[in-house]
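Reader: Hi, can we go through this one together? I'd like to see it before I ask anything.

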Amino acid sequence: MSVTPVLIPTPTAGSTLTHPVTLTNVTLEYPDGGGTVKALDSVSLQVPAGRMVSLVGPSGSGKSSLLAVAATLVRPSSGDVVIDGTNTAGLKDKELTALRREKVGIIFQQPNLLASLTAVEQLIIGHHLRGKPLKAARSRAAELLDLVGLAASAAKRPHQLSGGQRQRVNIARALMGSPKVLLVDEPTAALDHTRSASIVGLLRRVTDEFQVATVMVTHDTEFVPLTDAVAVMRDGGLTAPVLPGGFLT
């Protein structure tokens, strides 16, 4: 099929914005009986630093596949995935893991927090596993919990937090490695309207303050205007150009 490359417009001439995530003609095929299923069909997507794009489309259109490929969790059948200037095509699994750990923050639909750990410990453990000193990890975790409005809940465990608070811990955890790319999968799926608005607003703020390139898969089209642009997926392809959105004021 013919697919229009989706480029998020940069705001001004002479801008110093970089593009931490670039997908070029990415195709992803799965074996299916005697044939194949094309989950992604020649997808191209480029997102500048400090910009947030919503990825919308019907179930089964390829949104989750695109996120998995952009996160380097799944290798594409063909095409290029470039993360912060590094083409991932020739990297070994260990090198992909290191790149993902240092450059990509992933926010899954379910926070998947460890029941026995406090909010601050959820952040510290991953950062410490990156080889960072424990003292630095604790300081970074405290800063991020304050950023997401949970400084007073640092000692609470998941069962003591609301759904929205758990998702905020999830966001803070994704930021611990100072990623260049933030990939978000249906962050409001299990939340009510008020908490959903709060989470998307927080993602907007994080994108601006940390200058990450954010891609958010969502069915909540109500919150699309809080992002810079929207890309529509259908049948494995990005079949429509982006539509400009607006900033959260």
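Author: What follows is a short chat about this model.
Author: It is a predicted model, where local features need pLDDT of at least 70, side-chain atom pairs count only at pLDDT 80 or more, and totals for chains, interfaces and linings use all residues. Residues are numbered from 1 along each chain as its sequence is written, and side-chain values use heavy atoms, with hydrogens and water left out.

Reader: What is the mean pLDDT of the protein chain?
Author: The mean is 86, and 87% of the residues reach 70 or more. pLDDT is the predictor's confidence in each residue, from 0 to 100.

Reader: Where does pLDDT stay under 50?
Author: Over residues 1–5, and again over residues 8–15. Where pLDDT is low, the predicted coordinates should not be read in detail.

Reader: New topic. How many helices and strands are there?
Author: The protein chain has 6 helices and 11 strands. These are DSSP runs numbered from the N terminus: helices are H or I with at least four residues, strands are E with at least two.

Reader: Which strand does S2 join?
Author: S2 (residues 21–32) is joined to S5 (residues 78–83) by 5 bridges, and they run antiparallel. Two strands pair if DSSP finds at least two bridges between them. Leu-23 has Val-81 in S5 as its bridge partner.

Reader: And what about S5 and S6?
Author: They form a hairpin with 2 residues between them. Asp-84, in the turn, has a positive phi of about 50°. Ile-83 stands opposite Thr-86 in S6.

Reader: What is Leu-182 in contact with?
Author: Beyond its neighbours within four places in sequence, its contacts (heavy atoms within 4.5 Å) include Gly-105, Ala-174, Leu-203 and Val-215.

Reader: Last one: is Ser-153 buried or exposed?
Author: Ser-153 counts as buried because its relative accessibility is 7%. Ser-153 lies in the loop between H4 and H5. Not counting residues up to four places away in sequence, Ser-153 touches Ala-119, Leu-161 and Gln-165.

Key: Buried < 20%, exposed > 50% of the residue type's maximum accessible area, 1.4 Å probe, protein only.
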